[in-house]
Amino acid sequence: MAGSSSRQTNNPTSSSSTTSAKTEMVTLPSGASYPTFLEPLTKNETALLETYERIKHYEKEAARLKAEEAKRRLEEADERYRAKVRERERAEGVITNEEDDDDAENNAEGTTNGKAAAATTNMEQQQQYDHDDGEGGGSEEEDEEAIQRRNKRAEEISKLREDVTAARDAKNQKKAMKEAARQKEEAMRRELLGEGGVVGDADKMSEENSRKRPLVGNNDDGDDENDYMDDDEEDTTLQHALSTHLLKPNNNYSSNPWDEKPKGPSLIANMGGGSTPIHDFSKKLGMSKVSLDGSVLFPYEGNLPWEPPAQPVDFLDGCLELELPDFDAATTSTGNNTIAIKFKAPEESKRFSINIATPHHDGYNNIRFHFNPRHYQKGGQLVINDRKESMWGNDLSVPLSTLPLMFGVQACTLIVQINEEGFDVFVEGQHCARLEHRTMLPKGKGPLFVQFPSSDDYGNPENWLVYRVWWGRKASMAKDLNGVAGVNIYDSVHPKKLWISGLSKLRSDPEVDLRRAELERAFRKYGGPSGAVLVSVQKDSTFAFVEVASEQKADLALLEMANKYRVNKARRTKHEALMEERAAKEAAEKGTVKESVDWD
């Protein structure tokens, strides 16, 4: 694992228990952390954790920038509202009672500059009136109080114009700052999303919007009425914006195109781009609903998954069974040979299984291929096996730690290809195992059946979801067979060893001793002159092995003990076969004939 890391301990507590579980965490230099039981991490896993941590940082930074922008907009709206109130208060102090009607008409039309223009017009009219009076009656009759009133009015109008100009400049400056911040945020967002080439287009659009909506104060020599909204409309907009921000902080008061942009998915979601839905296969597999290569067998309608019942009576109760049509063992390279399954197994799931059988499966007592991941058995095992006349064969076990995750992930794809050699198993594209044919496939074209049991052999319900099942033809995905579990293994029936199944489960060592003694007494007559038989019994199991004196004795036991026990011939492992070959070779060198060897 690249880089140094530090350890920290989290102590989650439960309200229903006084005990506390301690989970030791490892923190990477980037800030990402993970529990120690996941160690050791691969380089790819470490890089993925660091990437997620970096993306979280970018999302927090983007949220902070957005919050700062919203705060600036609030402050700007508040400042405009306060400036408007100050303008009204000054206008009310300047205008006399005789001028109220004219000012009211100007206010109805609606702009702040209109108020200043009206006040100026009134002052000029008053000056012209006073001038006319002066011509008629002489300047010496001008009232001193009127002169003071006009001077005061002129000062107020001059002050009002200065305030309007200052407010206009401040608004221009804030708009420029807001536009710069907006462009900076847009550039950062597009850089994070890898859309750098689109920033120039966004700038052009922003420039075009700026030309369509002229900034206040940029048209001083023109018609000021075009620079402002009507007073009533602007006041209503500001009050609505302020109340909306106070009551709903997550909403934006502005109506510009940037603010109206709908909220998109997070950056992590955007990284997936056109990611595959959990209920569908990847487009790379080419497993559409209907195609020349095959078709989707499940779901029948919609996208509702299949789920085993919570309390099934047996493995057939509520199971999902599908027919795989038009299978021909002679044309597996050109005909239908591939079944694909999209499924989800929750983190708490203990196991699930899949069976493939021929039409004459006798209630699935004869199974050609059995796929059974077991989450908690021996640290996690994938068990692959077959079944003949209710007797399970020699299982092929693969540690789950060497395979792609199947438990606790959002969805997983399993592909099983049938060829002349056997059943090739692929999980998320990785060739995991091969179960070589232990029984010849039926000749000619006919159907196969795939079954999704609702429980195990002991009635324990299975916990998983099946989203989609596809059946058709695909080119062989098996490339390099080195290291693939199950390739070129030895499998044959043991001549003298019997497999006793359907026994009660053993819980303790004394029960194991009693079971061994019982089977030794029952099969003693098949042990030859000495009556010695070798019995193998394991704890927490429902089966046992009994090895008799010869192959003839084993065949006789199958006939005579069938009414008392469920008896079948056991299979010998590759190790046993090699031991037998070595013993036969040694006997040939010594010039003696050895029927078989002693088995451990």
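Is Glu76 buried or exposed? Glu76 is buried, with a relative accessible area of 5%. The legends below describe this residue and others in a predicted model.

**Figure 1. Overview of the protein chain in the predicted model.** The protein chain has 600 residues, of which 38% are buried. Its secondary structure consists of ten helices and 22 strands. Among the contacts with a separation of 6 or more, 67% are between residues 24 or more positions apart.

Figure 2. Side chains of opposite charge can pair when their charged atoms come close. Glu76 and Arg80 form such a salt bridge, with the closest N and O atoms 2.9 Å apart. Asp78 is partly exposed at 27% relative accessibility, and Arg82 is partly exposed at 47%. The count for the model comes to 20 salt bridges.

**Figure 3. The salt bridge between Glu462 and Arg351.** The closest N and O atoms of Glu462 and Arg351 are 3.0 Å apart. Glu462 belongs to the loop between β17 (445-452) and β18 (465-472), whereas Arg351 belongs to the loop between β8 (338-344) and β9 (354-357); the pair therefore ties together parts that are 111 residues apart in sequence. Both Glu462 and Arg351 are buried. In a further group, Glu69, Arg73, Glu179 and Arg182 are joined into one network by salt bridges that share partners.

Figure 4. Pro308 counts as buried because its relative accessibility is 9%, below the 20% limit for a buried residue. Apart from residues up to four places away in sequence, Pro308 touches Ser454, Glu462 and Trp464. Pro308 and Pro461 are 153 residues apart along the chain, and their C-alpha atoms are separated by 7.3 Å.

**Figure 5. Aromatic pairs and an aromatic cluster.** A pair of aromatic rings is described by the distance of the centres and the angle of the planes. The count for the model comes to 14 aromatic pairs. Phe298 and Tyr300 form an edge-to-face pair, because their ring planes stand at 90 degrees, with the ring centres 5.4 Å apart. Phe298 is buried, at a relative accessible area of 6%, whereas Tyr300 is exposed, at 56%. The pair of Trp499 and Phe543 is tilted, with 45 degrees between the planes and 6.2 Å from centre to centre. Trp499 lies in strand β19 (residues 492-501) and Phe543 in the loop between β20 (534-537) and β21 (544-547), so this pair ties together parts that are 44 residues apart in sequence. Trp499 is buried, with a relative accessible area of 10%, while Phe543 is partly exposed at 27% relative accessibility. One aromatic cluster is formed by Trp306, Phe343, Phe352, Phe371, Phe407, Phe452 and Trp464.

**Figure 6. Lysine residues over aromatic rings.** Lys497 lies over the face of Phe545, at 5.8 Å from the ring centre. Lys505 lies over the face of Tyr458, at 5.7 Å from the ring centre.

**Figure 7. The two sides of helix α8, residues 509-522.** Helix α8 has 14 residues and should span 20 Å at 1.5 Å a residue; its end C-alpha atoms are 20 Å apart, which agrees. Which residues of α8 are buried? The buried residues are Val512, Arg515, Leu519 and Ala522. These residues lie on the same side of α8, because they cover an arc of only 95 degrees around the axis. An α-helix has 3.6 residues a turn, so residues three or four places apart point the same way. The buried residues of α8 pack against β20 and β21, whereas Pro510, Leu514 and Arg521 are exposed on the other side of the helix.

Methods: Residues numbered from 1 in each chain as written. Predicted model: local features only at pLDDT ≥ 70, side-chain atom pairs only at ≥ 80, totals over all residues. Heavy atoms only, no water. Phe/Tyr/Trp six-rings, centres within 6.5 Å; stacked < 30°, edge-to-face > 60°. Buried < 20%, exposed > 50% of the residue type's maximum accessible area, 1.4 Å probe, protein only. Helix = DSSP H or I, 4+ residues; strand = E, 2+ residues; numbered from the N terminus. Lys NZ or Arg CZ within 6 Å of the ring centre and 35° of its normal. Salt bridge = Lys/Arg side-chain N within 4 Å of Asp/Glu carboxyl O. Expected span 1.5 Å × (residues − 1). Arc of directions from axis to C-beta. Contact = heavy atoms within 4.5 Å.
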